[in-house]
Amino acid sequence: AEPAADPLLAGLNERQLAAVQSRAEALLIVAGAGSGKTSVLTRRIARLLRDRELWPSQILAITFTNKAAAEMRERVGHLIGHEAAQGMWISTFHSACVRILRREAQQFGMTQAFTIYDSADSRALIKRIVKELQADTLGLTVSAVAGKISRLKNELIDADAFARQYNQNDPTEVMFLEIFRRYTAELTRANALDFDDLIGQTVYLFRAFPQVAALYQRRFRHVLVDEYQDTNHAQYALIRELTRGVRPEHVPADTRIETDATGAIPPAKLTVVGDSDQSIYAFRGADIRNIVEFERDFPGAEVILLEQNYRSTQTILDAANAVIANNFDRIAKNLFTAVGAGDKITGFTGYSQHDEAQFVADEITTLHDGGMPYNQMAVFYRTNAQTRALEEILIRSAIPYRVLGGTKFYERAEIKDVMAYLVAIANPADALAVRRILNTPKRGIGPATETALAMHADELGGTLRDALSDAAALKLGPKVTGAMLELARILDEASATIETALVPDIVTAILEKTKYLELLRASRDPQDEARAENVEELVAVTREFQKNNPEGRLVDFLTEVALVAAADDLDDSSGTVSLMTLHTAKGLEYDAVFITGVEENLLPHQMSASEPGGPAEERRLFYVGITRARKKLHLSLAMTRSTFGDTQVAAPSRYLQEIPAELIDWRDSPGMGMRGGSGQRQLGSSKPSFSYGTSLPPGKPKTEWANRVTNTVRDNGDLTLEVGDRIRHDDFGEGRVTGVTQNGAKSIAEVQFDSAGRKRLLIKISPIVKL
Ligand code: ATP
Ligand code: MG
């Protein structure tokens with residue numbers, strides 16, 4: 001058919017067209033940001049369905065977040081009708097694996113209601129084990145252990161496999177193995193899987209039970225993966241398992257799929273799209289090699305490159321291209337767009353993070369007044385700690401916003417309490433959940449009783465819940481025994497209903513019987529009021545869930561909650577500005593983007609310095625941030641930043657000087673004086689000191705320049721000024737101090753300069769000397 005006449009192909013460029021229509025067994029689409037990878041994937045699915053090449057149930061599409069999955073489902077539905085798109089599996093790796101594991105749980109000795117431990121749960125468990133074994137004396141912190149276990153699991157190395165390869169002469173490794181073993185045993189005992197297990201267990205399941213694997217290898221005839229650059233080894237192994245076809249001896253008897261001459265079911269088709277420049281999850285074991293070696297693993301694979309960007313202005317792309325060009329070891333690609341140059345990038349240096357936040361708020365207001373809706377704007381940052389200053393100023397400026405990820409709703413103590421009840425009800429074996437609620441709300445079951453219970457559980461060869469029901473055998477006082485039996489009764493009653501009861505009813509019953517909400521409401525602690533509201537919000541969440549999933553039961557609800565990824569929010573962000581980390585921003589796009597804290601130690605992050613490839617990965621993160629912007633990009637930094645009450649002088653990020661100077665328009669900060677470069681004074685300009693109107697001087701080696709950069713930020717130490725003092729400023733010349741606001745490292749002096757007028761200066765970092 002004539003492409004232009006086909007609504008599914010209309011508007012695509014030649015290469016996109018080839019990608020949508022390709023009939024290759026394996027197809028790799030590599031392309032830069034905003035070139036239509038996700039769009040092409042979506043249209044490819046739509047075409048397969050519309051042309052009846054596949055049933056919806058034969059498609060498995062993997063996205064990076066649940067939100068992205070929902071969007072893709074929506075778009076496919078929009079293209080070919082929602083009816084025709086039903087029954088497709090569009091989900092994250094984790095969601096797809098949970099679905100498979102819940103169905104097949106008995107195969108590997110778990111019950112269908114297994115609990116999913118999020119990273120906080122895992123850490124809580126590791127913390128206990130580390131403490132029991134006093135492993136911290138060997139330098140094995142909870143973070144170090146959690147990180148190592150996760151990395152190993154992502155490489156499909158479990159405790160047994162590790163035991164075959166570790167260094168027996170290294171006491172730290174010996175200890176680590178012991179922790180790993182106990183951690184694994186505790187998870188099994190609790191009928192629980194951690195996040196990494198979801199993928200790993202599915203791979204084990206498929207490898208150990210070829211007949212089970214065959215069901216899925218037969219079912220999914222086309223597997224499509226977005227953001228392929230961020231798949232780790234375990235995820236890659238899963239893809240391989242799913243696309244290996246079925247050997248004749250494992251072909252299910254009732255199969256309607258055509259077998260080949262040997263009686264085997266041929267491998268499923270595979271389409272993956274990715275951009276190695278956007279790989280930002282190495283810390284989670286993501287492996288760019290997966291892209292690079294795709295052709296080797298799938299011989300005969302077709303590779304399509306897309307180069308035209310449809311998202312951003314040329315100015316934004318030029319900045320992105322210039323930054324990423326500094327990474328070695330990459331396939332050079334240059335993005336171009338037909339959109340035109342567009343506005344310059346706006347740069348801003350505040351003297352504090354509050355000043356920076358004020359700039360963001362002011363810009364948002366200006367853009368909004370100019371007609372840009374709030375939901376077309378986003379503010380990115382490297383670490384969650386940066387949100388506080390931003391939120392304060394946004395609230396004060398009456399700008400509606402929402403934080404994606406961050407201190408998540410489900411991480412609040414009161415929500416975890418109620419969730420622990422639900423988990424304990426669904427999965428009685430889950431000791432972590434039962435421990436959490438033993439004395440919440442307070443019912444007189446102290447640590448000693450908890451220990452007694454745990455020992456009794458061991459004697460019984462059962463769970464903590466079993467011990468609880470048998471509390472009378474502990475022969476403790478009548479009051480505490482009564483409390484334990486009462487809790488056991490409440491849990492048992494609820495457990496008996498989980499197959500039939502509606503989720504909101506289970507939650508409400510629990511809140512009533514435990515008086516959890518009642519106690520919060522009666523409390524005099526003002527915080528408890530907010531906590532009560534949060535718990536009510538959770539009840540509302542269950543109602544919403546039940547409305548969307550009339551057949552959904554408690555286990556389904558728990559699955560949904562466990563899988564809510566960072567980028568995912570319960571309702572859409574219409575009418576609000578979005579705040580999120582740079583990691584969360586992947587795959588998204590906004591008319592206006594603010595990247596804040598473009599400073600050394602934040603971007604690149606301090607921790608990346610010690611890791612091989614760290615700074616390169618941070619650069620990719622910055623690249624991801626830049627390429628989210630359609631029209632307006634803002635880069636901002638602060639000259640001082642306080643964390644945990646400690647104010648530090650911040651230096652501009654090294655990545656800033658990688659952007660050609662003419663692309664950025666540095667804004668004035670009211671009253672901020674900074675020193676200029678040699679002979680090029682720009683009074684009051686907020687441009688960070690290292691690149692004042694000059695780009696890298698020709699012929700100068702970069703390192704020398706970089707050294708200069710880091711040395712130019714002044715730290716005046718404890719310099720104190722008083723009204724009446726005379727000072728000299730590098731840019732503004734001499735002047736008299738007319739006012740001082742003492743505020744520790746953030747003390748400000750008001751100075752009447754002899755010729756440069758009146759300025760407010762941050763004493764600690766301004767290029768001034770007392771005369
Ligand atoms: P990222 O690497 O950030 O995930 P991507 O390659 O997946 O980006 P998309 O999100 O699919 O890119 O597309 C970027 C934007 O360009 C979207 O708004 C999309 O609708 C638009 N777009 C893609 N292809 C075309 C086209 N042929 N014509 C017009 N707009 C297009
Ligand atoms: Mg995409």
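This is a predicted model: local features need pLDDT of at least 70, side-chain atom pairs count only at pLDDT 80 or more; totals for chains, interfaces and linings use all residues.

**The whole thing**

Start with everything shown as a cartoon. You're looking at 771 residues, of which 45% count as buried. The protein has 27 helices and 24 strands.

**Stop 1**

Now pick out Ala 31, which sits in strand S1, residues 26-31. Is Ala 31 buried or exposed? Ala 31 has 24 other C-beta atoms within 10 Å, and 20 or more is what it takes, so Ala 31 is buried. Leave out the neighbours within four places in sequence, and Ala 31 is in contact with Lys 37, Asp 275, Leu 305, Leu 306 and Glu 307.

Next, move to Ala 33, in the loop between S1 and H2. Ala 33 has 24 C-beta neighbours inside 10 Å, so Ala 33 counts as buried too. Which residues does Ala 33 touch, not counting those up to four places away in sequence? They are Asp 275, Gln 278, Asn 309, Ala 320 and Thr 627. Asp 275 is on the contact list of Ala 31 as well. Remember Ala 320; we'll meet that residue again at the last stop.

**Stop 2: H2 against H3**

H2 passes H3 in a right-handed crossing.

To see the contact itself, show side chains for Thr 42, Arg 43, Ile 45, Ala 46, Leu 49 and Arg 50 in H2, which meet Met 72, Arg 75, Val 76, Leu 79 and Ile 80 in H3. Colour them by class and you'll get seven nonpolar, one polar and three charged residues.

**Stop 3: Val 130**

Jump to Val 130 in helix H5. There are 23 C-beta neighbours inside 10 Å, so Val 130 counts as buried. Try the distance tool between Val 130 and Val 142: they are 12 residues apart in sequence, and their C-alpha atoms are 6.9 Å apart in space. Beyond four places in sequence, the contacts of Val 130 are Ala 135, Asp 136, Leu 140, Val 142, Val 145 and Ile 179.

**Stop 4: a mostly covered helix**

Select helix H11, residues 233-242. Eight of its 10 residues are buried, and H11 is mostly covered. The buried ones are His 233, Ala 234, Gln 235, Tyr 236, Ala 237, Leu 238, Ile 239 and Leu 242.

**Stop 5**

Now for helix H18, residues 431-438. Why is H18 largely enclosed by the rest of the structure? Because seven of its eight residues are buried. Those are Ala 431, Leu 432, Ala 433, Val 434, Arg 436, Ile 437 and Leu 438.

Show what these buried residues pack against: strand S4 (115-117) and helices H5 (119-132), H8 (171-189), H17 (413-426), H19 (447-460) and H20 (464-469). H5 is the helix that holds Val 130.

Keep H17 on screen with H18. The two pack at an angle of about 130°, with their axes 8 Å apart, which means that H17 is oblique to H18. The crossing here is left-handed. Asp 417, Ala 420, Tyr 421, Val 423 and Ala 424 of H17 make the contact with Ala 433, Val 434, Arg 436 and Ile 437 of H18. By class, that gives seven nonpolar, no polar and two charged residues.

**Last stop: H14 and H26**

Finish with helix H14 (residues 314-324) and helix H26 (residues 614-626). How do they run relative to each other? Their axes come within 9 Å and cross at roughly 175°, so H14 and H26 are roughly antiparallel. Here's Ala 320 again: the contact is made by Ile 316, Ala 319, Ala 320, Val 323 and Ile 324 of H14 with Arg 619, Phe 622, Tyr 623 and Ile 626 of H26. Eight of these residues are nonpolar, none is polar and one is charged.

Key
Residues are numbered from 1 along each chain as its sequence is written. Chains are lettered from A and ligands numbered from 1 in the order in which they are written. A residue is buried if 20 or more other C-beta atoms lie within 10 Å of its own, exposed if 12 or fewer, and partly exposed in between; C-beta atoms are placed from the backbone. Helices (H or I, at least four residues) and strands (E, at least two) are DSSP runs, numbered from the N terminus. Two residues are in contact if their C-beta atoms, placed from the backbone, lie within 7 Å. A crossing is left-handed if the near helix is turned anticlockwise from the far one by less than a right angle, and right-handed if clockwise. Ala, Val, Leu, Ile, Met, Phe, Trp, Tyr, Cys and Pro count as nonpolar, Asp, Glu, Lys and Arg as charged, and the others, Gly among them, as polar. Axes are lines fitted to C-alpha atoms, for helices over the stretch in contact, and angles run from 0 to 180 degrees between N-to-C directions. Angles under 35 degrees count as roughly parallel, over 145 as roughly antiparallel, 65 to 115 as roughly perpendicular and the rest as oblique.
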